[in-house]
Amino acid sequence: MALQEKLDRFKQQQEKCQSMLSNIAAKSASSRSTPKPAPAAASPFPSARPSAPVKFSNDTERLQHINSIRKAPVGAQMKRVIDILFQTRQAFTPEQINEACYVDVNGNKDVFEGLRKNPKVNYDGKRFSYKAKHDVKNKNELLVLIRKYIEGIAVIDLRDAYPNVMEDLQVYLCC
């Protein structure tokens, strides 16, 4: 009988997780398009059954991955966000960050505050973006900056300016 109870408890947890995922999917879909009514599976009541049950076992691995990210230390979550901001060089809302790397910035106050105060992150009140040490966005601006520092400038300070900065530096150093 104890085995049956554990199985029932596990099924309840699956339903709860599926409901939560449906809510997240509904919110992200509504933020991208016109608002739609929440699906039946998104009911906040634990006794409500979805009209067409979704196979939870197909999503188990992805859900475990999301759970491991959200339970990771604050520093690890911040690093994931900063890496996404660095790689894309785009501004992200907290919802977009959640979609991109599963870090719930709005739901975790410590992550939000840590990102807001991080010297490598710019927060304008709505979006987070990567902030390089020098505001250089292309080859011409790089050349102007290099000429400005007659005594030289550290390559490590320029490395995060824009994606192809190292190739552009090689061109200027060789010529």
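Predicted model: local features only at pLDDT ≥ 70, side-chain atom pairs only at ≥ 80, totals over all residues.
Helix axes are lines fitted to C-alpha atoms, for helices over the stretch in contact, and the angles between them run from 0 to 180 degrees between N-to-C directions.

The protein chain comprises 175 residues, and its secondary structure amounts to eight helices and two strands. Read from the N terminus, the order of these elements is α-α-α-α-α-β-β-α-α-α. Among contacts in the chain with a separation of 6 or more, 52% link residues 24 or more positions apart.

One helix pair may be considered in detail. Two packed helices are described by the angle between their axes and the distance between the axes. For helix α6 (residues 139-148) and helix α8 (residues 165-174), the axes come within 10 Å and cross at roughly 55°. Helix α6 is therefore oblique to α8, because this class holds the angles left over once those under 35 degrees, over 145 and from 65 to 115 have been assigned. The crossing of α6 past α8 is right-handed.

The residues that form this contact can be named on both sides. Helix α6 contributes Lys 139, Asn 140, Leu 142, Leu 143 and Ile 146, which meet Val 165, Asp 168, Leu 169 and Tyr 172 of α8. Classified by type, the contact of α6 with α8 contains six nonpolar residues, one polar residue and two charged residues.

Notes: Residues numbered from 1 in each chain as written. Heavy atoms only, no water. Helix = DSSP H or I, 4+ residues; strand = E, 2+ residues; numbered from the N terminus. Left-handed = near helix turned anticlockwise from the far one by under 90°. Contact = heavy atoms within 4.5 Å. Nonpolar A, V, L, I, M, F, W, Y, C, P; charged D, E, K, R; others polar. Buried < 20%, exposed > 50% of the residue type's maximum accessible area, 1.4 Å probe, protein only.
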